[in-house]
Amino acid sequence: MKYPIRLDKLISQTTDWSRKEVKRLAHKELITVNGTVEKSTDTKINESDVVVCDGETIGDLTPRYFMLNKPVGFISATKDREHLTVLEFIEEPRKDNLSVAGRLDIDTTGLVLLTDDGQWLHRVISPKHHCVKTYLVETAKPLDEKQIAKLESGVWLNNEKTRTKPATVEVIDEYHYRLSITEGRYHQVKRMFAAIENHVESLHREQIGAIILDPDLQPGEYRALTDSEVASID
Ligand code: URA
């Protein structure tokens with residue numbers, strides 16, 4: 001934010017109120033600057049000024065962090081022309097400021113993180129931070145020992161110049177595996193299984209770093225992350 005800034009610009013940029021609504025609220029004497037009612041919306045505001053609009057302190061932009069249990073059929077982006085996005089489930093002010101940290105395909109379910117803290121988001125998705133993501137994979141065919149070893153040591157994906165980084169595979173039963181990877185290449189899990197001539201029937205993300213999908217969250221439900229979950233991404 002560049003100060004000084006017009007009162008209506010400050011409020012419309014940091015809240016869901018439009019400039020027109022700000023004008024109306026000012027007219028109704030619902031805006032104060034440093035405790036004094038301010039009716040003129042072109043007043044210049046400095047960084048140290050305390051602006052309150054209809055009871056909401058403006059500029060109080062404490063970063064927000066959420067986990068969502070994504071159902072099938074939603075895009076884990078925040079805007080899409082064709083499909084509904086995960087923002088459909090989020091009921092928060094300024095939800096358009098949120099970004100998804102680590103996307104899932106439309107048919108993948110499970111843990112999605114949303115935040116408006118750009119640095120934290122970067123730490124989740126940047127390969128440098130080696131943030132482990134764990135997926136429950138249902139396969140079309142059972143895996144043999146050799147295929148598991150291949151997945152763990154790294155496979156060549158179509159059109160990629162490097163092998164996938166080492167991964168771990170836990171066998172749940174012959175059609176279900178828990179795969180942990182540190183990268184986030186495009187359709188990575190599905191392509192890893194395609195590389196060993198198998199096929200992913202369904203995919204569910206259970207964990208990102210130390211953040212485990214809360215078992216109390218039904219598909220489509222979300223909650224704020226706890227302080228320790230937020231701090232676990234470093
Ligand atoms: N890998 C995939 O192939 N799809 C996802 O949604 C996530 C990881």
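This is a predicted model: local features need pLDDT of at least 70, side-chain atom pairs count only at pLDDT 80 or more; totals for chains, interfaces and linings use all residues.

I went through the strand pairing and found four strands in an open sheet, ordered E3-E2-E5-E6, with antiparallel pairing. I then checked the ends of that order. Strand E3 (36-37) and strand E6 (56-57) are the edge strands, each with pairing on one side only.

**E2 against E5.** How many bridges join strand E2 to strand E5? I get three, between residues 31-33 of E2 and residues 51-53 of E5, and the two strands run antiparallel. I looked up one of the partners too: Ile31 is bridged to Cys53 in E5.

**Helix on the sheet.** Next I asked what H1 touches. Helix H1 (residues 7-14) packs on the sheet and touches E2 and E5. I noted the angle as well: the direction of H1 makes about 65 degrees with that of E5.

**Ligand surroundings.** I listed the residues around the ligand: Leu104, Asp105, Thr108, Tyr135, His187, Gln188, Val189, Lys190 and Leu203.

Which part of Thr108 comes up against a ligand oxygen, side chain or backbone? For Thr108 it's the side chain, with an N or O atom 2.9 Å from an oxygen atom of the ligand. For His187 I wrote down a backbone N or O atom at 3.2 Å from a ligand oxygen. Lys190 also uses a backbone N or O atom, 3.0 Å from an oxygen atom of the ligand.

Methods: Residues are numbered from 1 along each chain as its sequence is written. Side-chain values use heavy atoms; hydrogens and water are left out. Two strands pair if DSSP finds at least two bridges between them. Contact means heavy atoms within 4.5 Å. Axes are lines fitted to C-alpha atoms, for helices over the stretch in contact, and angles run from 0 to 180 degrees between N-to-C directions. A residue is near a molecule or strand if one of its heavy atoms lies within 4 Å of it. A polar contact is a pair of N or O atoms within 3.5 Å; within protein, one must be able to donate a hydrogen and the other to accept it, and residues adjacent in sequence count only if both atoms are side-chain atoms.
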